[in-house]
Structures are given as structure tokens and as C-alpha cells.
Amino acid sequence: MMINRKLCQKIVRVRNRHLFIIDAIVFGLTPILALYIRLDGSVAFEEYPGLGEAIILFVIVKFTLLGKFRFYQHYWQYASIDELLKTTGLIGAATLLQTGLFGLLYFLNIFTIDTLPRSLPVLDGLLSLILVGGIRFSVRVFERVDQRSKKFHRRGAAVPAKRARVLVVGAGNAGVSLVQEMRRNPHLGLYPVAFVDDDPKKLKMHICRLPVVGNRHQIPALVNSLNIRSVIIAMPTAPGSVIREIVDICQANEIKTSTIPGIHEILNGHVRIGSIRDVKIEDLLRREPIQTDIQKVFELLMGKKVLITGAGGSIGSELCRQTLKAWPAEMILLGHGENSVFNIEQELKQTLHTLKNESKAHRPLPRLTTFIADLRFPARLEHAFEQYKPDIIFHAAAHKHVPLMELNSPESISNNVQGTKNLLELSLKYSVEQFVMISTDKAVNPTSVMGASKRVAEMLVLRTAQISGKPFTVVRFGNVLGSRGSVIPTFRKQIMAGGPVTVTHPEMCRYFMTIPEAVQLVLQAAAIARGGEIFMLNMGQPVKIVDLAKDLIRLSGYEIGKDIEIVFTGLRPGEKLREELLIPGEQYEPTEHETILAVKNAGSAIPKNLDWEVEVLCQAAAKNDSNLITFLLKQLVSGYTPQLIDKHASVRAKQVDSSLSIEAGAISSQITMLEKVLLQDCDLAKRATGEITQLKAEDLQQALDNQEFRLYYQPIVRLETGQLEGFEALLRWQQSESEIISPVKFMPVAEETGLIIPIGWWILDEVCCQLRTWHQSSSIITVNLSGRQLLHPDLVKQIEQILRKNQINGDRLRLEIAESIVRENTDLALAVLSQLKALGVRLQIDNFGRSLSVYNFSDSFSNLLSEQFDRLKIDRLLVSRIDNDFESLEIVQNITMGACDAGVELIAAGVETPEQLARLKTLQCKYGQGYFFSKPLEKGSAQKLIDSKCSCEEGS
């Protein structure tokens with residue numbers, strides 16, 4: 001045994017220089033041996049003078065090829081099938097080459113080679129392959145023998161007295177590697193007994209000298225018959241559903257279960273395929289791995305300057321790790337949290353130190369730069385761009401905690417929206433080649449401020465892509481397992497503390513993905529992006545949070561209900577039961593990668609006034625106005641439905657309801673999103689909603705046919721003198737002499753069914769007919785147009801016909817359009833308004849101050865006012881608060897200053913108190929209407945008021 005061990009050790013220590021000498025001897029002898037075999041041993045060497053020349057030719061050919069392809073740079077102690085294939089290929093190529101040269105010399109009759117058999121080069125090649133391959137793989141054999149010999153001598157000290165009998169689930173490459181690892185390291189205390197695999201072709205076969213004894217459903221029986229003590233799952237690419245089923249089978253039979261890491265962990269280099277660990281929750285949720293085109297990613301990043309925001313976060317730090325593998329010229333790690341940025345910097349420096357000693361060290365190592373900055377401060381951010389000039393940006397920085405951001409909405413806007421806006425502006429200024437923003441599925445039909453803020457950030461990126469034509473793109477994730485703020489760390493802490501585990505709702509579902517999956521999606525999206533897309537992983541089926549909690553409790557070795565309780569606490573602010581993947585109108589299409597989807601029409605839903613609206617939203621955040629932020633997000637983000645209403649909502653709802661009874665005609669044109677939310681907390685509004693749901697289109701059509709609609713006229717007065725200026729026409733439904741229905745109760749049905757159009761023509765005709773009866777008066781009547789009416793193709797033609805029919809000049813008719821309608825349909829609205837202006841009709845903006853113009857006037861809107869509108873009406877909600885709310889007063893002040901600059905007159909709606917009147921006069925508002933002056937009048941009373949030529953006295 002001692003002699004054998006010494007022999008093994010000597011052979012194992014053979015190096016390539018020794019093998020080179022051995023090969024030289026072999027290559028010198030194989031032509032002789034080949035000739036000897038060819039002639040059946042009867043060789044008279046003097047008859048073959050060309051043998052020496054052939055030996056020299058063959059040796060030169062072989063060593064030339066082997067040297068060129070670095071055959072002598074292999075470590076043969078760990079030779080595998082790859083080395084065998086390379087050896088066969090090189091010797092085969094040498095054989096073909098020397099056969100060709102031998103034939104050429106034979107044909108040319110050069111030297112004395114023509115005395116040799118023509119089959120000599122082929123026989124020489126076969127013998128060379130056998131001898132060279134045999135010698136090298138004998139090194140591998142003796143290395144294995146030496147290992148076993150060492151293990152035999154130290155078995156008493158290093159190997160556990162009793163090794164656990166192991167059943168390996170999965171007889172693929174991972175299972176084979178695992179068995180080899182256990183055999184190489186018996187000190188692990190694991191003894192592989194058999195394989196289990198679902199592939200029927202492998203059943204009863206032997207792999208690595210172990211039998212394949214059944215499928216996963218036979219595990220309980222096999223455990224008993226084979227005396228198994230542990231089951232190890234060796235399927236790194238298996239989906240979570242398969243892992244979950246195996247774990248359930250093992251847990252039901254009280255069998256210890258372990259696994260090897262998932263493919264993402266192995267690819268990231270965190271662990272080896274032979275590593276064994278307990279089953280984690282990530283194993284139960286994993287899916288088929290993304291087939292990442294590594295080459296495209298490397299081509300994108302190699303040699304580039306890459307800036308990663310939020311570099312210290314869960315996603316950002318993994319982005320740093322995977323980006324480093326692509327060998328960029330420089331990585332700028334930008335973050336606000338100094339400790340987290342420091343930690344990832346130290347980790348990457350250690351990785352670079354390792355790379356420095358590897359074969360790639362001949363290339364310049366990537367430079368690492370840390371930059372501590374807050375995205376909300378443009379000056380500091382610009383310093384980074386000016387100094388480092390990044391080529392590619394991965395934007396991972398964001399506030400993501402839904403309940404916290406719901407309670408701190410200004411912070412969510414300033415960081416997620418303003419920060420993204422600053423990054424994009426600097427990216428254009430400094431010619432950044434590519435920009436990838438990380439978003440969330442919570443941006444789809446959001447119910448939280450965080451989700452809405454990320455949707456606004458998405459729109460900013462898409463708009464920038466449209467403007468610049470550059471590959472600026474967005475990637476949406478589901479929930480990321482293991483990230484800071486994930487439910488998993490919270491559950492684990494609760495389990496360690498003995499419970500209970502808290503879940504918000506038994507039906508709450510979420511889509512999940514691992515951090516490596518998320519980062520691979522980001523990198524792949526960057527590689528295939530053309531600009532203006534939104535990418536999303538096909539995340540399969542959502543997972544119930546309560547099931548997640550149950551799995552984690554079981555994996556921790558506890559029993560639900562006995563050791564650990566699960567308690568339901570209710571939804572938190574901003575949360576919804578189920579996340580959604582599709583925004584209405586978005587068209588998801590497959591990409592070249594099966595698991596990645598792209599929204600090709602992502603830029604089609606971006607508001608035209610996005611920059612202006614975002615600017616006002618950021619101003620609201622700067623003023624810490626959470627209520628205004630919610631309101632503005634509702635106007636800006638389609639599908640945003642906030643769950644919380646501020647504590648003053650019920651008071652404002654009553655004000656809205658009071659205002660509705662004062663000027664129902666204005667509300668009939670468009671019940672805004674704000675009013676809908678506020679009306680939900682108003683009892684009267686609930687009753688109104690109940691009546692609306694009972695109404696049908698047939699009822700309204702019958703009312704129109706039976707002439708049950710009536711117009712009332714709200715006086716408009718000059719505030720300084722109280723002198724009558726005109727009227728606003730308000731619609732009522734007079735079902736009987738004693739019952740009059742307000743438009744708030746029936747106009748939603750009219751809008752929904754399209755009956756608003758014939759009702760609108762009737763209103764215009766009635767108003768012009770009334771103006772004709774007041775022909776001696778210079779009074780003007782204002783009529784409110786809905787969005788459907790304004791954008792109706794026959795609007796201008798109908799008004800022209802009505803004016804001509806009643807012989808009324810267009811300047812006696814004032815048409816009132818809600819500001820939101822003009823903003824949402826700017827180009828089309830402007831085209832219609834210009835035609836109306838040509839008819840001589842006066843134009844007025846309604847509900848001003850209710851939307852994004854509450855803080856300032858943009859230049860474009862000021863021009864719009866001066867060119868098309870001669871008057872705007874301050875929204876009644878603002879007017880109702882100016883005598884007791886400083887912020888509302890400040891907003892109205894800004895509006896009056898902007899209107900003055902634009903040369904537009906102001907009218908205040910809903911004036912009810914002397915204090916309001918005094919404030920409006922101080923602000924130089926010219927006109928007003930409301931109960932303080934007069935209630936809406938029937939046409940007869942309005943006629944008397946005109947005939948009297950008197951002022952509207954207070955309280956009349």
C-alpha cells in the first residue's frame with residue numbers, strides 16, 4: 001500500500017513539462033509501432049529509409065497543432081469530458097493534416113517516403129490518440145486513487161462514525177455533481193443511496209453507480225425500504241410548484257429535506273452546485289430561469305461608464321454585482337444612504353482584487369466610484385454628471401414602502417417623481433446613451449401614492465424617449481423576495497419571536513420574483529431596448545400572502561395553529577388585495593425572450609401637458625400639501641383610485657353639495673374626479689346616486705319629448721357696483737309643479753348614454769330664443785358645454801344654425817368649458833374653439849383652480865387664455881374657503897395675478913358671504929354670482945329684473 005501511495009503521488013505530481021517530454025517520445029515511437037502493426041511484425045527497417053523523414057514530419061505537425069491550441073496549459077488532475085473531446089479533436093486534426101502532407105510528398109516523389117505504406121499516417125494518429133489520451137487520463141485516475149487513499153487513512157478522524165443515508169431527487173447534471181461532491185467529501189456525513197427522477201427513461205438505470213428507484217410520488221415508500229435519513233432536492237431549474245410538492249411530501253412523512261441552490265444563485269457565483277442547504281421560501285416560489293443573452297448584455301456594458309442610482313439597495317447592489325461581470329470601464333455607485341453604499345463598494349473592491357489575479361488581469365480593471373447624493377438636489381446631481389459623464393444609467397433609487405409613502409406623500413413625490421425628472425433632464429443635457437428605470441406593478445391602476453408616483457416617473461421616462469429618440473426604457477417588477485421591505489424578513493422575525501405572524505387579508509395576492517431574476521430582467525431589457533417601451537417579466541400565477549406565511553412557518557419547523565398563529569390585521573393605507581399587470585389600453589407583446597413582455601404602445605397614454613402637470617405636482621410636494629398631491633395624481637394618473645380621504649373631506653363634501661344646488665348647470669357638464677370622491681362621504685350625494693342608478697335613458701328621452709326640462713337663470717353681477725351683467729342658464733327637470741330635480745341626479749345618465757347631446761341642443765336653442773325676447777337688453781347668457789358637446793363634430797354647425805334661426809348675434813352667447821376638458825383634448829379643443837370664436841361667440845373657462853393651474857400659469861396656458869378665452873370662472877370650492885383658509889386665498893391670488901398678466905377677466909362662482917365678497921374685491925375679481933346676490937330665477941323673474949334696470953341688492 002505504501003508503494004502504491006508513493007507511486008500515485010508521483011504520477012499526480014506530473015506537470016505539463018514532463019508530459020511534453022513523454023509526448024515527444026510517444027510521437028517518435030508511434031510511426032515505428034504503426035509500421036510494425038501494418039506489416040504484422042515482419043519489418044526490415046533498412047528497406048524503409050523514409051521512416052525517419054516521416055517521424056520528423058509527424059512530430060512537427062502534432063506539436064505545432066497542440067502548441068497553437070494550448071494543449072499544454074491544462075491541469076490534467078481534474079480532466080473531464082471536455083479535455084477528452086479536445087484531445088480527440090486535436091489528434092484527429094493532426095492526423096488529417098499529416099495524412100495530407102504525406103500523400104502530397106508521396107505524389108511528388110520527394111525524399112524516400114514513397115517506400116512507406118500509405119496507411120502509416122492514419123495508424124500513427126490512432127496510436128498517438130490512444131497513448132496521449134491514456135497517459136493524461138491515467139493522471140486523473142491516479143489522482144482519484146490518491147484521494148481515496150488519503151480519505152482511508154484519515155477516516156477515523158474526519159468522517160462521521162455514521163453517515164446519513166441520502167435519497168437524491170433529480171438524476172440530472174446537478175444530481176450527479178451532488179453525488180460526486182458527497183463522495184469526494186465523506187466528512188460531510190452524507191452517504192448517497194439512490195436517485196429519484198420523474199423521467200421514466202431513467203427508471204431502473206444506474207447513474208454514478210447509483211440506481212434510479214422511482215419518481216417523487218414514491219418517496220415515502222422508498223424512505224422506509226431504503227432506510228433513508230435525508231432527502232436532497234437536486235433540481236436547480238425546477239419551478240417552485242415542483243419543489244413545493246416534494247417538500248410537502250417529505251414534511252407529511254417527517255423526512256428531513258434539503259436542496260441545492262437555485263440556478264440564479266449558482267449563476268451569480270454566490271454558491272456552488274454542490275452546496276447543500278435547507279429549503280428556503282425562494283425555492284417554493286421560483287420559476288423557470290430567464291434565458292438571458294449574456295453576450296448582448298456584455299456588448300452593451302463592456303467598456304462603458306455605468307451609473308447606478310440606489311446602488312446600496314437590494315436591487316441596486318445586485319445590479320452592481322452583475323454589471324461588474326460585464327467589465328465596464330467605470331461604475332458610479334450613487335446613493336443617499338452612506339452605509340449601504342459603503343458596504344457594496346467594499347464587496348466590489350474585494351471582487352476586483354480577486355479578478356486582478358485571474359487571467360483577465362491583462363485588461364484594465366473597472367474603476368469604482370462612490371457618490372453620495374440626493375436625487376432631489378439638481379446641483380449636486382449635476383456635479384456627478386459633469387465629473388463622470390456616464391454612458392448608461394440604471395435608475396433603481398426610489399421610495400417603495402406603500403403605507404409609509406401613503407402617510408408621507410410629499411416625500412414620495414419629491415423622491416420618485418422630482419428625482420427621476422432631475423435625472424432625465426441631466427441625461428439629455430450630458431448625452432447619456434441609455435437609461436433604464438426600475439418601476440413596479442403597483443404603478444398599474446394604483447391605489448397608493450407610491451404606485452401613482454412611480455407611474456408618473458414611468459411617463460417621464462417614456463416622454464423623454466419620445467423627445468430624444470434614445471433607448472430610454474422602463475422595467476416593471478412584482479414583489480422582490482429578500483429585498484428590504486419584503487414580507488419575508490418580517491415573517492421570519494415574527495416566527496423567531498414565537499409569533500403571531502401577521503397578514504393583512506386572507507385573500508391578498510402578490511406576484512413574486514427573486515432579486516437575481518429582477519436584475520437579469522433589467523440587464524436584458526437594456527440589451528434589447530429600442531426606446532419608449534415598458535418591459536415586464538411574465539410572472540406566472542400570483543401567490544397568496546397567507547400561503548407564503550404558512551410555507552415559511554412549516555419550513556421553520558413549526559406547526560400552524562399549534563406553535564405559531566396567523567393573525568389578520570386588515571389592509572393598510574394604499575394597499576389593494578390584488579396587483580394588476582395591465583393598464584387599460586396597453587398592448588403587451590412577447591419579445592425574443594419568452595418570459596419577457598414589452599408594452600409597445602407605452603407612450604400613447606402620456607398627457608400632452610405632462611411637464612407642466614409634473615411641475616405643479618412637485619410644487620405641491622414642496623409645500624407639503626398631501627391633499628393637493630392626491631387630487632393632482634388623480635388628474636394625472638389614469639386609474640388612480642386613492643383609498644383614503646383627508647379628515648376635512650366630509651366638510652368639503654357638504655360644501656360641494658351646497659354648491660351643486662346653487663349651480664347645477666355647471667356640474668351637469670362634468671362631474672370631476674374630485675367631486676366623485678367627495679360625494680362618496682355625503683349622505684345627500686348617496687341618495688342622489690341611488691336615484692341616478694334608478695334612472696334610465698328612456699326616462700330622460702321621455703322628459704325631453706314631453707318638454708319637462710326647464711331653464712333657470714343665475715344673475716351675474718359686477719362686484720364693485722352690483723350692476724347686472726348677464727345670466728348663466730341652469731338646467732332643471734320639472735317632473736311636476738312641486739318636484740324639481742337637480743342635474744346632479746340625472747346628468748351622469750345623460751353623459752353615459754349620449755343624451756347630453758340632444759339635451760345640449762335644446763338648451764342652446766332655448767337660450768337663444770330667450771335672448772331674442774330680451775332683444776332690447778344687452779344681457780349675455782352663459783351656457784355650459786360638456787366634453788361630449790365640445791368635441792361633437794356638428795357643434796359649430798348646430799350653433800351657427802341656432803344663432804341664425806333666432807337672429808341672435810354670437811357675442812350675446814357665452815359658452816363655458818371646463819378647464820380639464822381643454823387640457824385633456826388640447827389640440828382638438830383649440831381647433832373647435834377657434835371656429836366658435838369665428839362665430840363671434842364669447843368663451844369662458846369653468847372650474848378654474850380645480851386642476852393643475854392652482855399654483856401658477858404656464859406660458860402655454862397663458863397664451864391659450866389670451867388667444868381663445870376672454871373670461872375664466874374661479875372654482876366655487878376655492879371661493880367658499882377664501883374667507884377662512886389662507887392656502888385657498890393664496891391660490892386665488894395666484895390665479896388673479898396670472899389672469900391679469902394674460903388680460904383675462906375673472907368671475908367668482910358661489911359667492912355666499914360678505915367676507916367672501918370683500919376678499920374678492922380686494923383681489924380685483926370683476927364679476928360674481930351666487931346666493932349672496934340672488935337665487936336662480938325663472939325666465940319671468942329674470943325679465944322683470946332686466947326691465948327694472950336696477951341693481952341686484954344684497955339678499956334680494
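Predicted model: local features only at pLDDT ≥ 70, side-chain atom pairs only at ≥ 80, totals over all residues.
Is Gln 807 buried or exposed? Residues are numbered from 1 along each chain as its sequence is written, and side-chain values use heavy atoms, with hydrogens and water left out.

Now to the residue itself. Gln 807 counts as exposed because its relative accessibility is 69%, where exposed means over 50% relative accessible area, buried means under 20%, and partly exposed lies in between, with a 1.4 Å probe and protein chains only. Gln 807 sits in the loop between α32 (795-806) and β27 (813-818); helices here are DSSP runs of H or I with at least four residues, strands are runs of E with at least two, and both are numbered from the N terminus. The phi of Gln 807 is near 55°, a positive value in a residue other than glycine. Most residues other than glycine have a negative phi. Cys 208 likewise has a positive phi, near 55°, and its place is in the loop between β3 (206-207) and β4 (210-211). At 22% relative accessibility, Cys 208 is partly exposed.

Staying with cysteines, the structure holds zero disulfides, a disulfide being a pair of cysteine sulfur atoms within 2.5 Å. For Cys 769, the nearest cysteine sulfur is that of Cys 768, 8.9 Å away. Cys 769 is partly exposed at 28% relative accessibility, whereas Cys 618 is buried at 9%.

Let me turn to the sheet. Nine strands form an open sheet with mixed pairing, in the order β10-β9-β8-β11-β12-β13-β18-β22-β21, and two strands are taken to pair if DSSP finds at least two bridges between them. At the edges are β10 (367-372) and β21 (588-590), each of which pairs on one side only. Neighbouring strands are turned against each other by 20° on average, with direction ignored. Helix α15 (residues 378-388) packs on this sheet, where it touches β8 (305-309), β9 (330-335), β10 and β11 (392-395), contact meaning heavy atoms within 4.5 Å. The direction of α15 makes about 165° with that of β10; axes are lines fitted to C-alpha atoms, for helices over the stretch in contact, and angles run from 0 to 180 degrees between N-to-C directions. Within the sheet, β13 (residues 472-477) and β18 (residues 534-537) pair in the parallel sense over three bridges, and Val 474 stands opposite Ile 534 in β18.

Next comes a pair of helices. How do α18 and α22 pack? Helix α18 (residues 449-468) and helix α22 (residues 610-622) pack at an angle of about 145°, with their axes 11 Å apart. Their contact is made by Val 456, Met 459, Leu 460 and Arg 463 of α18, together with Leu 610, Asp 611, Val 614 and Leu 617 of α22.

Finally, a word on Thr 913, which is found in the loop between β30 (905-908) and α38 (914-922). Thr 913 is partly exposed, with a relative accessible area of 21%. Leaving aside residues up to four places away in sequence, Thr 913 touches Asp 883 and Phe 932. From C-alpha to C-alpha, Thr 913 and Phe 933 are 9.6 Å apart in space, and they are 20 residues apart in sequence.
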